[in-house]
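Here is a briefing on a predicted model. It covers a helix, its charged pairs and a surface patch.

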Amino acid sequence: MNVQEWIPRIFLAGALLGAIGCLGRSDYNLPVFLFAFIAWNYLANQKSVVTFLFAFSLIVDVIWFFVIGWGTWSSDAYAKLAPWEGGLHKVTKIVVAINFILKIASIGLSFAFDPNIKNSFTSALQMRRIT
């Protein structure tokens, strides 16, 4: 099996995990991974957009994890307010962490095995230096 065939499977796994993550929060990973799957398979010229979208969403994931996942949900005040949500929040944090890893893997595989993505990234950097 070709390595590039694994990238859409990573997207489907992320969408499934995003659906599970929706149980504990409004999870944007479900539509992001579904868009990535559709764009990757049916819109060949949008693969670089998917890669840049995932790179940006990594930043959002880190902010969410530290502000909400760790800061708010782990506080004593929140635990007293909604103690029944503790297990659900743990599952959600695990799902977010796995989706984070899947995004990094898909970005890495995209750069490693799709020359168009690497070329679009380097051309974007060159355009940035010109302006």
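**Burial, salt bridges and a nonpolar patch**

Thr51 is buried, because its relative accessible area is 5% (buried means under 20%, exposed over 50%, partly exposed in between, with a 1.4 Å probe and protein chains only). Thr51 sits in helix α3, residues 47-72 (helices are DSSP runs of H or I with at least four residues, numbered from the N terminus). Residues are numbered from 1 along each chain as its sequence is written. The model is predicted, so local features need pLDDT of at least 70 and side-chain atom pairs count only at pLDDT 80 or more, while totals for chains, interfaces and linings use all residues; side-chain values use heavy atoms, without hydrogens and water.

**Helix α3**

- Thr51 touches Trp40, Ile107, Ser110, Phe111 and Ile117, leaving aside residues up to four places away in sequence (contact means heavy atoms within 4.5 Å).
- The buried residues of α3 include Val50, Phe54, Leu58 and Trp64.
- With 26 residues at 1.5 Å a residue, α3 should span 38 Å (the expected span is 1.5 Å times one less than the number of residues).

**Salt bridges**

- Side chains of opposite charge can pair when their charged atoms come close.
- The count is 2 salt bridges (a side-chain nitrogen of Lys or Arg within 4 Å of a carboxyl oxygen of Asp or Glu).
- Lys47 and Asp114 pair through their side chains at 3.7 Å, N to O.
- Lys47 lies in helix α3 and Asp114 in the loop between α5 (86-113) and α6 (115-130), so this pair ties together parts 67 residues apart in sequence.
- Lys47 and Asp114 are both buried.
- Lys103 and Asp61 form a salt bridge at 2.8 Å, N to O.
- That pair links distant parts of the chain: Lys103 is in helix α5 and Asp61 in helix α3, 42 residues apart.
- Lys103 and Asp61 are buried.

**Nonpolar patch**

- Leu16, Ile20, Leu23, Leu88 and Val91 form a nonpolar patch on the surface, with about 440 Å² of accessible area together (areas come from the Shrake-Rupley method with a 1.4 Å probe).
- Patch residues have over 30% relative accessible area and no salt bridge, and nonpolar side chains (Val, Leu, Ile, Met, Phe, Trp, Tyr) are joined within 5 Å.
- Helix α5 holds Leu88, which is partly exposed, with a relative accessible area of 30%.

Methods. Helix = DSSP H or I, 4+ residues; strand = E, 2+ residues; numbered from the N terminus. Patch = residues over 30% accessible without salt bridge, like charges linked within 9 Å, V, L, I, M, F, W, Y side chains within 5 Å.
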